[in-house]
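Dear colleague,

Please find below the structure that I am handing over to you.

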Amino acid sequence: MPDSIPANSVGLISPQTLHIETPITLECGQALPAYDLVFEAYGKLNQTASNAILICHALSGDHHVAGYHTMEDKKPGWWDNVIGPGKAIDTNHFFVVCLNNLGGCNGSTGPTSINPDTNTPYGPDFPIVTVNDWVKSQAILADNLNIQQWAAVVGGSLGGMQAMQWAISLPERLKHVLIIAATPKLSAQNIAFNEVARTAIKADPEFHEGYYASHDTLPRKGLGLARMLGHITYLSDEAMGEKFGRELRHDSINYGFDVEFQIESYLRYQSESFAEQFDANTYLLMTKALDYFDPASAFEGDFAQAVSKIQAKCLVISFTTDWRFSPERSQEIVNALLSENKEVTYAEIEATQGHDAFLLPISRYHDIFTAYMKKVASEVMPS
Amino acid sequence: MSLRPDLQIIFDWIPSGARILDLGSGDGTLLAALQKHDVTGYGLEIDNSQIAHCIESGINVIQADLDQGLPQFADQSFDYVILSQTLQAVKRPDFLLDEIIRVGKQAIIGFPNFGHWQCRLQLVFGGHMPISRTLPNRWYDSVNIHLCTIKDFENLCTDKQVHIQQRCIVDHAHQDSLGIKIAPNLFGEIALYQIKKSD
């Protein structure tokens, strides 16, 4: 809980809901007759609506990207360290929007929402959503906010993939794209990890084929295990070693299977708290969206052809110890952009924190982020 | 803003409208100055701390290690590839030269001349590795691991069938002199070459 709101915070924020009555047809062929998009916005949209920034969230993220909902909040939004007055994405200059993606579990229509056909939660019947569907629904939100063109679309990890898809699918609707800790598509290893996570969820006896809500239960163990696995892939060996090493919770080992090492305790705590907060069906959907992401597939597998559509200027950032989406994967994005003579800047940040580094206040990373966003600001505010 | 003298020479050699690749672009000063003359292209820089400066200069910069070559770029995809004061710091200058003339229709290469008389005197009479204004590091902490003389570089160009279109040999203040004209490898401190693949 903050004693007082820091001066460089966007402050107390209330999420907003956009209710859409026009049906949306998803990539899988199914349609949602009506849906809600929950979002937050910070800063002021200027008269020409040229200063808007879209933030795309990652796997377990949501619309609450900066500021506080109440004075009782333990933590600010998930990317508060880059968004706010005087921060990299400076809300003195920009109007910043972030929404909970369709299929999410934090307000936007998803598996926990009521299916109007059955008057029960969608659960596993919620259609599979893809990165393309998210871009489409984000564009509908932009239309409703009268934003014709984003000054920048920004995202890390799965958020970076959405940002990239924006630049490919709707090239005239953004001036800059920031693709952080992302990849042109998931590798077999990435998909394998996702499949283990899904198997863990589905194997939980409380899963009930996804209809756990009607059984008044949650697949806590399965989702917790999925999160544990995911969490390991977000951190580097170095980061875990620095944070926990082989430290024990008690003085000596017990020759048993209880939690003994600090890392075990940490993972258990993380997984238990996540399993209470996040919806398992949403987790399944989000991992599928990751697996399916492959913008080259619409261009006969030619990724360069896909990025040839891009008109936005690009900033691509990777982190040295990220083994989930390694610097080599970002370089694939950069090389495709170079082969098409696109405007691109690429930085590989020396960081020990693994994939999670994109969320952390690492000074060199933030210097680059800030310098780039200043350039974006100078373009939207020529004075 | 005035450019560092060697960069000014390079600047003067590049025609407006050219597409360039600046290897070891530092803070982006040269490319930023050239962009005002409708020159386009990218900077390549290994030092992460320079990337923010490049962004502030307004150039597109790619963080990359020149020791890995230039595999991300297609043959003859730039009008000019520039390598200033970096040739002597790479692991294999000969491989990099191959890459430069593969990617660039023309190239500009500048390096400190190890054949300068002061270097020679320090080695012959001092018996130690030379330290000079253009090569200020000691042998053990120098990034300059493949120092060469004007003669060495020109021999490499001959071996590689690289055509030297023009050269500019100057002292540390980037001035020409009678001595340099008569014996460039003895009196020149900095050498700049414009080269291309032989037809």
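The notes below set out what was found, beginning with the contact between the chains.

Please bear in mind throughout that this is a predicted model.

**Contact between the chains**

In the interface, 13 residues of chain B are in contact with 18 residues of chain A. On the side of chain B that touches chain A, the elements giving two or more residues are helix 3 (48-57) and strand 3 (60-63). Helix 3 of chain B supplies the largest share of that side, with six residues. Sorted by class, the side of chain B that touches chain A consists of seven nonpolar, five polar and one charged residues.

The partner of helix 3 of chain B to examine is helix 10 (residues 363-380) of chain A, for the two axes come within 8 Å and cross at roughly 10 degrees. An angle under 35 degrees counts as roughly parallel, and helix 10 of chain A and helix 3 of chain B are therefore roughly parallel to each other. From helix 10 of chain A, the residues that take part are A:Arg364, A:Asp367, A:Ile368, A:Ala371, A:Tyr372 and A:Lys375; they meet B:Asn48, B:Ser49, B:Ile51, B:Ala52, B:Ile55 and B:Glu56 in helix 3 of chain B. This contact of helix 10 of chain A with helix 3 of chain B holds six nonpolar, two polar and four charged residues.

**A helix pair within chain A**

Within chain A, helix 1 (residues 131-144) and helix 2 (residues 158-169) pack with their axes 9 Å apart, at an angle of about 70 degrees. Since angles of 65 to 115 degrees count as roughly perpendicular, that description applies to helix 1 of chain A relative to helix 2 of chain A. Helix 1 of chain A contributes A:Val131, A:Asn132, A:Trp134 and A:Val135, which meet A:Met161, A:Gln162, A:Gln165, A:Trp166 and A:Ser169 in helix 2 of chain A. The residues of this contact between helix 1 and helix 2 of chain A comprise five nonpolar, four polar and no charged.

**Strand 4 of chain B and its partners**

Strand 4 (residues 78-84) of chain B is mostly covered, with six of its seven residues buried. Strand 4 of chain B pairs with strand 1 (residues 19-23) of chain B in the parallel sense, over four bridges. In that pairing, B:Tyr80 of strand 4 of chain B has B:Ile20 opposite. Strand 4 of chain B also pairs in the parallel sense with strand 5 (residues 104-112) of chain B, over six bridges. There, B:Val81 has B:Ala107 in strand 5 of chain B as its bridge partner. Together with helix 4 (residues 93-103) of chain B, strand 4 and strand 5 of chain B make a right-handed β-α-β unit.

**Two residues with positive phi**

A:Tyr255 is not a glycine, yet has a positive phi of about 55 degrees. A:Tyr255 lies in the loop between helix 5 (237-243) and helix 6 (262-277) of chain A. Is A:Tyr255 buried or exposed? With 6 other C-beta atoms within 10 Å, A:Tyr255 is exposed, as the limit for that class is 12 or fewer.

In chain B, B:Asp38 has a positive phi of about 60 degrees, although B:Asp38 is not a glycine either. The loop that holds B:Asp38 runs between helix 2 (29-35) and strand 2 (40-45) of chain B. B:Asp38 counts as exposed because it has 10 C-beta neighbours inside 10 Å.

With kind regards

Technical notes. Residues numbered from 1 in each chain as written. Chains lettered and ligands numbered in written order. Predicted model: local features only at pLDDT ≥ 70, side-chain atom pairs only at ≥ 80, totals over all residues. Axes fitted to C-alpha atoms, helices over the stretch in contact; angles between N-to-C directions. Parallel < 35°, antiparallel > 145°, perpendicular 65-115°, else oblique. Contact = placed C-beta atoms within 7 Å. Nonpolar A, V, L, I, M, F, W, Y, C, P; charged D, E, K, R; others polar. Buried ≥ 20, exposed ≤ 12 C-beta atoms within 10 Å, placed from the backbone. Pairing = 2+ DSSP bridges. Right-handed = clockwise from strand over helix to strand, strands pointing away.
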